[in-house]
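The sequence and the structure come before the text.

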Amino acid sequence: MPALPLAPYACDHAQTRGRRVSEAADPGRSHFQRDRDRIVHSTAFRRLVYKTQVFLNHEGDLFRTRLTHSLEVAQIARSIARNLRLNEDLVEAISLAHDLGHTPFGHAGQDALNGCMKNHGGFEHNLQSLLVVDELEERYGGFNGLNLTFETREGILKHCSRVNAAALGELGRRFLEGAQPSLEAQLANLADEIAYNNHDIDDGLRSGLLTLEQLDEVPMWGRHRAEVSTAFPGINGRRAINETVRRMINTLIVDLIETTGRNIAAANPKSIDDVRAAGPLVSFSPKIHEEAAALKRFLFR
């Protein structure tokens, strides 16, 4: 499907709030395409290949890492953004960068590091991702970090404590005032959830930590597994698992597009400022939200 013109409430690269250090525009790329390219070429992005999603890298090359997870998030987010006439390049940049500051060993690593840092303000992996792109990367002569646009940095920082938000100036203001980020940032957040819930099922079954009998008790899985059995009598093994997961992802994506479209129509935003002043607009329908939440609780347990 060809890309349609951006909606008036989407982020237009020509209206970016700019970079921390002013740079001349690139003649061949938009500001957000340039952000994406800087992220892909960064050292921190390459390091994601050895950072755990659930399973350690040496346990098998078929399990997801933070790198492959980020690629899956970007693919899902771009597909949805195109349907909603949002900025695909921005949502891709946010998706690829969202885990740059995550610890090794998943959330267990984050909890351990937070404990080590409790006397020094603790540890927030979203804030660390921002620190990576703002300061820690050393690729350019004129500035520290990657010097990304405000909009990409805003999307990377999806959670932040009030104390840290107060120190971030304009970037942290929304956490203090209860405002919303761009629709692209909201979308990247839910694309992340779609990706990790479904690939955790795939990896869990592959590893033997989950069984099909356990999953059959989860409404979203059970419903789609029954559809697959009806559509393909006798299907089993990896083919049955892959077909079920594929259908679950499709259900979540279609529901998110349709529900978000209705939310946008009801709020009728005319600009990005209207988006920021509205409540969250990117969401699932109540039924799918509850099914996704039940799946998430099961996987966490």
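Helices, of at least four residues, and strands, of at least two, are DSSP runs numbered from the N terminus. On that basis the chain has 15 helices and zero strands. The model is a predicted one.

**Overall dimensions**

The C-alpha trace spans about 60 × 45 × 35 Å along its principal axes. Of the 301 residues, 49% count as buried. Among contacts with a separation of 6 or more, 68% are between residues 24 or more positions apart.

**Helix α1 and its cover**

Helix α1 takes in residues 31-40, and its buried residues are F32, R34, D35, R36, R38 and I39. The elements that cover these buried residues include α2 (43-47), α3 (66-84), α4 (88-97) and α7 (150-156).

**The pair α3 and α10**

Helix α3, part of the cover of α1, also meets helix α10, which is formed by residues 183-207. How do the axes of α3 and α10 cross? They come within 8 Å and cross at roughly 125°. The pair is therefore oblique, since angles of 65 to 115 degrees would be roughly perpendicular and those over 145 roughly antiparallel. The crossing of α3 and α10 is right-handed.

On the α3 side the contact consists of H69, E72, V73, I76, A77, I80 and A81. On the α10 side it consists of L187, A188, A191, D192, I194, A195, Y196 and H199. By class, the contact of α3 with α10 has eleven nonpolar, two polar and two charged residues.

**Selected residues**

| Residue | Relative accessibility | Class |
|---|---|---|
| S129 | 0% | buried |
| T244 | 0% | buried |
| N147 | 4% | buried |
| N268 | 44% | partly exposed |

S129 is found in helix α6, residues 125-136. Which residues is S129 in contact with, leaving aside its neighbours within four places in sequence? They are A97, H98, D99, L100, G101, H102 and I156. Of these, A97 falls in α4 (88-97) and I156 in α7 (150-156), two of the helices that cover the buried residues of α1.

T244 has its place in helix α13, which is made up of residues 237-267. With neighbours within four places in sequence left aside, T244 is in contact with W221, H224, R225 and V228. T244 counts as buried because its relative accessibility is 0%, where the cut-off is under 20%.

**Two residues with positive phi**

N147 is not a glycine, yet it has a positive phi of about 55°. Its place is the loop between α6 and α7; α6 is the helix that holds S129. N147 counts as buried, at 4% relative accessibility.

N268 is not a glycine either, and its positive phi is about 50°. N268 lies in the loop between α13 and α14 (272-277), and α13 is the helix that holds T244.

Technical notes
Residues are numbered from 1 along each chain as its sequence is written. This is a predicted model: local features need pLDDT of at least 70, side-chain atom pairs count only at pLDDT 80 or more; totals for chains, interfaces and linings use all residues. Side-chain values use heavy atoms; hydrogens and water are left out. Buried means under 20% relative accessible area, exposed over 50%, partly exposed in between (1.4 Å probe, protein chains only). Contact means heavy atoms within 4.5 Å. Axes are lines fitted to C-alpha atoms, for helices over the stretch in contact, and angles run from 0 to 180 degrees between N-to-C directions. Angles under 35 degrees count as roughly parallel, over 145 as roughly antiparallel, 65 to 115 as roughly perpendicular and the rest as oblique. A crossing is left-handed if the near helix is turned anticlockwise from the far one by less than a right angle, and right-handed if clockwise. Ala, Val, Leu, Ile, Met, Phe, Trp, Tyr, Cys and Pro count as nonpolar, Asp, Glu, Lys and Arg as charged, and the others, Gly among them, as polar.
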